[in-house]
Amino acid sequence: MATPRYPRFDTLSLHAGQKPDPITGARAVPIFQTASYVFRDTDHAAAVFNGERAGHVYSRITNPTNAVLEERIAALEGGIGAIATASGQAAMHLAISTLMGAGSHVVSSRSLYGGSHNLLSYTLPRFGIETSFVDPRDAEAFGAALRPNTRLVFAEILGNPGLEVLDVPAVADIAHRAGLPLMIDSTFATPYLFKPFDHGADLLFHSATKFLSGHGTVIGGLLVDSGRFEWTDSDKFPTLTEPYAGFHDLVFAEEYGPAAFITRARKEGARDFGACMSATTAFQILQGIETLPLRMRHHVDNTRKLVAYLNAHPAVESVIYPELPDHPDHALAERLLPRGAGAVFSFNLAGGREAGRRFIESLQLFSHLANVGDAKSLVIHPASTTHHRMDADALRAAGISEGMIRLSVGLEDPEDLMEDLERALRESQK
Amino acid sequence: MRISVDNKRVYAYTGSRALTPDQETVVFVHGAGLDHSVWLLQSRYFAHHGRNVLAVDLPEHGQSEGPALPDIETMAAWVKNLLVALDIQRASVVGHSMGALVALETGAKASERVERLALLGISAPMPVNDALLQAARANDHQAYDMINLWGHNRSVQLGGNPVPGLWMSAQTLRLLERSRPGVLYRDLRACTAYQRGLESAQQLQGPVLILLARQDRMTPPVAAEPLIRRIRDKQRIVLENCGHQMLSEKPDSVLDALKDFLS
């Protein structure tokens, strides 16, 4: 027998998780727009309910369309399984609430999406979960912030909006030496640009609203488990290693082995918190993932052109993109992100806040809105929008200036994008 | 549950249920480099339907203490010792792949303790591909990849897991990656070295289910025929569109076959 090979990324993007429908022969993934599923008989019903047979009970917990999406992202990331959630925020909450309860602690990068910062800073403390924020460029700071009750280390692969590149292998090593998992928000990279599990991360999530779906049409999240973290090595994770009264004293780590975390997240978190994804949304995200490799290549190509253009423009004070030699994480980006450092970047405009306002209002192709990862190019002023709840000190700590502009580069002709930017830059300096 | 067998700590999954003396017992024996969790769906079903279940971790597998046992005959003696340690007079033994060889040998050598035998994904002899053996000997990850890719029906490499949301290919891989260094090699070497299968088959006394898979590239159905011919009281089932890893590829079909056979 010849040495076997796994299907490659582009093939998995199109096929993973799906077989043509056995009843109709439908080639596309059917949208199973149903709340529930008919059991064969009472024995079958009891067995599916009790985890003795595979199958679907209720679409809050599993759905056949969502299952294709979950398998597909697990395959692309190299994970053991995934759960589709109502949003990226729901995925993050599901992970944290599966791992810990009141009295626990998270060590997180301080350079985060504003929504994640809100959850960790303001909302979870009401439920007894505290977070210490550290500089993502200082791997040792993650270790220094650990406490006996820490249960998770968390960061984004590309910080928001400063594009700090996380040294995932170094931070994973620190987390693992403390017996803790590392979770990555990999939204900006997608598995095409970076696969966190290949570098030591244990859990990851995506806002699938962004590049995975790719067209700005849906809200969705995906939580993925590598299946590699050994939950039984300590007594830190009783939700996985002790009997669960909510499921007949089931011990997830014993019954499900490497799939313990993702199974508990589904059997408890999806069941009880209920932040599920609709089948129609799952279908649209699947459609997006089918072209993910093609789109990401073009997103990155366009981004590189715009970065070079802006970096040479007299109205621009600085451009923040890890592929630029003066970016503090340039070498790390070359090592971890050889296919590209994403399609979202920031720049500081000469003239501060007022110039920023004139710039944004003069753009015609770039859409001014709170999102990234659309096929269309987007622009926003973080200090007044995504990060508006942060005070001046927090903004400074997160590397955000008042004149900072964030672009999400789409798939338009790059010449048209540069012409749009040129026009707006001229207006900004009047 | 955790018990002691041959003065070593052993883990056996029971479905979170205490063993009950008046219930029949089913012992599940996993394949090379794996652990009890491969039987999750099937063992959980029987544990919640009036059976004592012992889905064991063989020595140095899963949560059981080492060292790994050197050959199939010793593994079979270990299964008998497990039953003796728990004072179980008779049990049905279900095994997959290497576990099926262990079940076969247990049935031949400890017939007084065995009610019924279910042999899943079996051939006798069970020669292991030399490239796989060499990779396993070197603790090379490629050994896990070979088992994963050859062990599954080709279509499974693109997904379609009956268990929603899990990527089957990674499920098998993660279990193999958890095996301790050298364990997979010792298991595979035990499979290759076991030559008593046909002789043992002739000694079996009770009913035997042989469950095979049409697309099995590791123990193809044709390779089981010499064994099947020597078993007196037998039932042979071949699962369609299924590879060697039938427990994850066709969990319901396997459960249905076991339910019918063990009833």
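Predicted model: local features only at pLDDT ≥ 70, side-chain atom pairs only at ≥ 80, totals over all residues.

User: What's the strand order in that chain B sheet?
Analyst: The order is S1-S2-S4-S3-S5-S6-S7-S8 in chain B, an open sheet of eight strands with mixed pairing. At the edges stand strand S1 (2-5) and strand S8 (234-239) of chain B; each has a single partner strand, so one side of each is left without a neighbour in the sheet. On average, neighbouring strands are turned by 25 degrees against each other, direction ignored.

User: Which strands does H1(B) lie across?
Analyst: H1(B) lies across S2, strand S3 (25-29) and S4 of chain B, and runs at about 155 degrees to S4(B). Helix H9 (residues 221-230) of chain B packs on the sheet as well, touching strand S7 (208-213) and S8 of chain B. The direction of H9 makes about 165 degrees with that of S7(B).

User: Back to H1(B). At what angle does it cross H11(B)?
Analyst: Roughly 40 degrees, with the axes of helix H1 (residues 40-47) and helix H11 (residues 251-262) of chain B coming within 9 Å. H1(B) and H11(B) are therefore oblique to each other, and their crossing is right-handed.

User: Which residues meet there?
Analyst: From H1(B) you have B:Leu41, B:Gln42 and B:Tyr45, and they meet B:Pro251, B:Val254, B:Leu255 and B:Leu258 in H11(B). By class, that contact has six nonpolar, one polar and no charged residues.

User: And H2(B) with H3(B), oblique or roughly perpendicular?
Analyst: The axes of helix H2 (residues 72-85) and helix H3 (residues 98-109) of chain B cross at roughly 65 degrees and come within 8 Å. H2(B) and H3(B) are therefore roughly perpendicular to each other. H2(B) passes H3(B) in a right-handed crossing. Among the residues that meet are B:Met75 and B:Val79 in H2(B), and B:Leu101 and B:Glu105 in H3(B). The contact of H2(B) with H3(B) has six nonpolar, one polar and four charged residues.

User: Which residues of H5(B) are buried?
Analyst: In helix H5 (residues 141-151) of chain B, the buried ones are B:Ala143, B:Tyr144, B:Met146, B:Ile147, B:Asn148, B:Leu149 and B:Gly151. They pack against helix H4 (130-137), helix H6 (168-178) and helix H7 (183-193) of chain B.

User: Switching topic: how many residues does each chain put into the contact?
Analyst: Chain B gives 34 residues and chain A gives 43 residues. On the side of chain B that touches chain A, H1, H5, H6 and H11 of chain B each supply at least two residues. The largest share, five residues, comes from H6(B). By class, that side has 17 nonpolar, eleven polar and six charged residues.

User: What does the sheet in chain A look like?
Analyst: An open sheet of seven strands with mixed pairing, in the order S1-S7-S6-S5-S4-S2-S3. Its edge strands are strand S1 (81-85) and strand S3 (130-134) of chain A, and the twist averages 20 degrees from one strand to the next.

User: What stands opposite A:Phe205?
Analyst: A:Leu223 in S7(A). Five bridges join strand S6 (residues 203-207) to strand S7 (residues 221-225) of chain A, and these run antiparallel.

Notes. Residues numbered from 1 in each chain as written. Chains lettered and ligands numbered in written order. Pairing = 2+ DSSP bridges. Helix = DSSP H or I, 4+ residues; strand = E, 2+ residues; numbered from the N terminus. Axes fitted to C-alpha atoms, helices over the stretch in contact; angles between N-to-C directions. Parallel < 35°, antiparallel > 145°, perpendicular 65-115°, else oblique. Left-handed = near helix turned anticlockwise from the far one by under 90°. Contact = placed C-beta atoms within 7 Å. Nonpolar A, V, L, I, M, F, W, Y, C, P; charged D, E, K, R; others polar. Buried ≥ 20, exposed ≤ 12 C-beta atoms within 10 Å, placed from the backbone.
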